[in-house]
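I opened a new page for this structure. These are my notes on what I looked up, in the order I looked.

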Amino acid sequence: MRGMTRYVDEDLHGVEFRECDLSGARLIGVVMQNAVIDGLVANLVVNGVEVSEYVEAELDRRHPVRVLIRSEDPDDLREASRQLHAGWAATIERIRRRPGIERRSVNDEWSAVQTMRHLVFVHDSWFRRCCLGSTELFTPMGIGTTVEPYRGAHGLDLSLDPTLEEIVSVRDAQAAELQAWLEEVSAAQLAARAPVPDDDVWPPYARGRLVRQCLATVLNETFEHLGFCVRDLDLIEAQDAE
C-alpha cells in the first residue's frame, strides 16, 4: 500500500514498539507467539475475527469499575471514584510494607512514585483546569507530558524528588477534592461544555469537550495507572522471590 512502510521476511523477534501509532497496520502471514499488546486497541481483526469487543467485555468482567467510569449517572461516578481511591490506598499500604520498592521499575516503566506523581499532574490538568476552569499553576511535583513546551511548564519542577509520603499526602488531598465535587455535581453539569481556560496550557486539545469527558480522563487514568503499578509490583516481587 502506498505510503506504508513494508517489512518483508524480517526477523522482528523480541522487538518492542513503545508509544507508536500503529493504526492501519497490517500483519500478514506472521508468526506471533507469546506476544503482548497493551494500549488503545480498537477494531482489531485477528485471523478474520474482530476481537476488540471480546477483550473489552472480559476487561469489564475483571474490573467492574470500568462500567461505572463509563456511566453518565453521577451516583455511578461517585462510586467509581471511591473504588479507585480504595484500590490506590490498598496498593500504597502494600508499598509501605516493602520500603524502597516504590522507586524501583521494570521494563522501562515508571516506578510507583513516578506513576503517582503523574496522577498529580492529571488531576491538576484534567480536573482542576478542565472541570473547574482553574488557571492556577500545577502542583510542582507533578510529572506531565513529555511534549514540549509543556514538559516543564505550568509550575512543574522537574528537579523535585518527593518522598512517598509527600506524594501520598498530595494525592489524598486531590482525591478528597474530587470526591467533594462529585457529591454535589449534577447530570446537567456533567453534560455541559468544559470550562477550559482560553490559554496555552496543557491539555491543548481539551477545548470543546464536555465536563463528563474530562472527568472520564481523570478516572480512566487513575484506573489504568493503578493497573500498571500493581502489575509492576507483582513483577518486582516475583523477581525478588527467585
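**Helix α3 and its partners**

I began with two helices. Helix α3 covers residues 74-96 and helix α4 covers residues 112-129; they pack at an angle of about 150°, and their axes are 12 Å apart. I kept in mind that this is a predicted model. Angles over 145 degrees count as roughly antiparallel. α3 and α4 are therefore roughly antiparallel to each other. Their crossing is left-handed.

Which residues make this contact? From α3 I listed Trp-88, Ile-92 and Ile-95. From α4 I listed Ala-112, Thr-115, Met-116 and Leu-119. Sorted by type, the residues of the contact of α3 with α4 are six nonpolar, one polar and no charged.

Next I looked at α3 against α7. Their axes come within 11 Å and cross at roughly 25°. That makes α3 and α7 roughly parallel to each other, because angles under 35 degrees count as such. α3 passes α7 in a left-handed crossing. On the α3 side, the contact includes Leu-77, Leu-84, Trp-88 and Ile-95. On the α7 side, I noted Leu-215, Phe-223, Leu-226 and Asp-234 among the residues in contact. I sorted the residues of the contact of α3 with α7 as well: eleven nonpolar, five polar and four charged.

**The whole chain**

I stepped back to the overall layout. The protein chain has seven helices and two strands. In sequence order the pattern is β-β-α-α-α-α-α-α-α. Along the principal axes, the C-alpha atoms fill a box of roughly 55 × 45 × 40 Å. There are 242 residues, and buried ones make up 37% of them. I also checked contacts between residues at least 6 apart in sequence: 67% of these join residues at least 24 apart.

**Aromatic pairs**

How many aromatic pairs does a search of the whole structure find? It finds five. I looked up two of them.

The first entry is Tyr-150 with Trp-202. The ring centres are 5.3 Å apart and the planes stand at 65°, so the pair is edge-to-face. This pair links distant parts of the chain, 52 residues apart. Tyr-150 sits in the loop between α4 and α5 (164-184). Trp-202 sits in the loop between α6 (187-190) and α7 (211-241). Are these two buried or exposed? Tyr-150 is buried at 10% relative accessible area, and Trp-202 is buried at 11%.

The other entry is Trp-202 with Tyr-205. Here the centres are 5.5 Å apart and the planes are at 90°, so this pair is edge-to-face. Tyr-205 counts as partly exposed, with 43% relative accessibility. I then found that Trp-126, Tyr-150, Trp-202 and Tyr-205 form one aromatic cluster.

**Backbone details in the loops**

I looked for cis peptide bonds. One joins Glu-148 and Pro-149, with omega about 5°. Pro-149 lies in the loop between α4 and α5. Another joins Trp-202 and Pro-203, with omega about 0°. Pro-203 lies in the loop between α6 and α7. Trp-202 is also a member of the aromatic cluster.

I checked phi next. Asp-108, which is not a glycine, has a positive phi near 65°. Asp-108 is in the loop between α3 and α4, and it is exposed at 69% relative accessible area. His-154 has a positive phi of about 65° and is not a glycine either. His-154 is in the loop between α4 and α5, but it is buried at 14%.

**Two single residues**

I picked Cys-214 in helix α7. Cys-214 is buried, with a relative accessible area of 0%. What does Cys-214 contact, leaving aside its neighbours within four places in sequence? I found Trp-126, Cys-130, Cys-131, Ala-194 and Arg-209. Trp-126 was already in my notes as part of the aromatic cluster.

My last entry is Val-31, in the segment before β1 (45-46). Val-31 counts as exposed at 74% relative accessibility. Val-31 and His-13 are 18 residues apart in sequence, and their C-alpha atoms are 9.4 Å apart in space.

Key: Residues are numbered from 1 along each chain as its sequence is written. This is a predicted model: local features need pLDDT of at least 70, side-chain atom pairs count only at pLDDT 80 or more; totals for chains, interfaces and linings use all residues. Side-chain values use heavy atoms; hydrogens and water are left out. Axes are lines fitted to C-alpha atoms, for helices over the stretch in contact, and angles run from 0 to 180 degrees between N-to-C directions. Helices (H or I, at least four residues) and strands (E, at least two) are DSSP runs, numbered from the N terminus. Angles under 35 degrees count as roughly parallel, over 145 as roughly antiparallel, 65 to 115 as roughly perpendicular and the rest as oblique. A crossing is left-handed if the near helix is turned anticlockwise from the far one by less than a right angle, and right-handed if clockwise. Contact means heavy atoms within 4.5 Å. Ala, Val, Leu, Ile, Met, Phe, Trp, Tyr, Cys and Pro count as nonpolar, Asp, Glu, Lys and Arg as charged, and the others, Gly among them, as polar. Rings of Phe, Tyr and Trp (its six-membered ring) pair if their centres lie within 6.5 Å; planes under 30 degrees apart count as stacked, over 60 as edge-to-face and the rest as tilted. Buried means under 20% relative accessible area, exposed over 50%, partly exposed in between (1.4 Å probe, protein chains only).
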